[in-house]
Amino acid sequence: MKFVIQRVTEASVSVDGRMVGSIHQGFLILIGISGTDTESEADRLVRKMLNLRIFSDENGKTNLSLKDVDGELLLISQFTLYADCRKGNRPSFVKAGNPEHARALYEYIIDSCKKERPVVKQGVFGAHMKIQLINDGPFTVILDSEELS
C-alpha cells in the first residue's frame, strides 16, 4: 500500500465537471493498493499519516500534526502508483490490486479516517478525476507499507 501525502492549503476533486470533494488546510492523499494489501497494513499507514508532524508551529518548525491544525483530508484512489515501468515504455499495472479488493480497502481507509477526523472527503473510485491543489511548501511525503514493515 502506498500513500502519497501532500500538505495542502486547499484541494478539490471533480468528476465529469462536477466537484465531488474539496478541503482547505490538510492532506491530499493519493492511495495505491496492491493485490496483497490488508486491513492491518491500512491501519498502520492511516495511523502513521494521521500522526505525521509536518505542519509548521509558531517557530516555523514542522512539529504539528493534522489534529493539531484541525486539518482536513481528501482521499483519492490511484492504482497508477503501482505502475511498473521497468520494461518498455508502457507501464504495467499487474501489482495493483484488483478493483474489488482495492475498493474494499479504499472504503476501509475512508471509514478509518472518518473515525479520527471531522472532515474527510474522497474521490470516486475508478472514475476519471481532475484534481486541483495548492501544495503548501511544497511538502510531499510517501508512505509505503513495504518500507514500514
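Predicted model: local features only at pLDDT ≥ 70, side-chain atom pairs only at ≥ 80, totals over all residues.
The axes of helix α1, which spans residues 39-51, and helix α2, which spans residues 99-114, come within 10 Å and cross at roughly 40°. The two helices are therefore oblique to each other, an assignment that follows because an angle under 35 degrees would have counted as roughly parallel and one of 65 to 115 degrees as roughly perpendicular. The crossing in which α1 passes α2 is right-handed. On the α1 side, the contact involves Glu-39, Ala-42, Asp-43, Val-46 and Met-49, and these residues meet Leu-105, Tyr-108, Ile-109, Ser-112 and Cys-113 of α2.

Side chains of opposite charge can pair when their charged atoms come close. In the whole structure, a search finds three salt bridges. One of these salt bridges is formed by Arg-7 and Asp-136, with the closest N and O atoms 3.5 Å apart. Arg-7 belongs to strand β1 (residues 2-15) and Asp-136 to strand β8 (residues 129-144), so that the pair ties together parts of the chain lying 129 residues apart in sequence. With a relative accessibility of 8%, Arg-7 counts as buried, whereas Asp-136, at 29%, counts as partly exposed.

A salt bridge also joins the side chains of Asp-70 and Arg-117, at an N to O distance of 3.1 Å. This pair likewise links distant parts of the chain, with Asp-70 placed in the loop between β5 (62-64) and β6 (72-77) and Arg-117 in the loop between α2 and β7 (120-122), the two residues being 47 residues apart. Asp-70 has a relative accessible area of 54% and is therefore exposed, because values over 50% are classed in this way. Arg-117, by contrast, is buried, its relative accessible area being 8%.

The side chains of Asp-84 and Arg-86 likewise meet in a salt bridge, with 2.6 Å from N to O. In this pair the acidic residue, Asp-84, is buried, with a relative accessible area of 17%, which lies under the 20% limit for that class.

Conventions
Residues numbered from 1 in each chain as written. Heavy atoms only, no water. Axes fitted to C-alpha atoms, helices over the stretch in contact; angles between N-to-C directions. Helix = DSSP H or I, 4+ residues; strand = E, 2+ residues; numbered from the N terminus. Parallel < 35°, antiparallel > 145°, perpendicular 65-115°, else oblique. Left-handed = near helix turned anticlockwise from the far one by under 90°. Contact = heavy atoms within 4.5 Å. Salt bridge = Lys/Arg side-chain N within 4 Å of Asp/Glu carboxyl O. Buried < 20%, exposed > 50% of the residue type's maximum accessible area, 1.4 Å probe, protein only.
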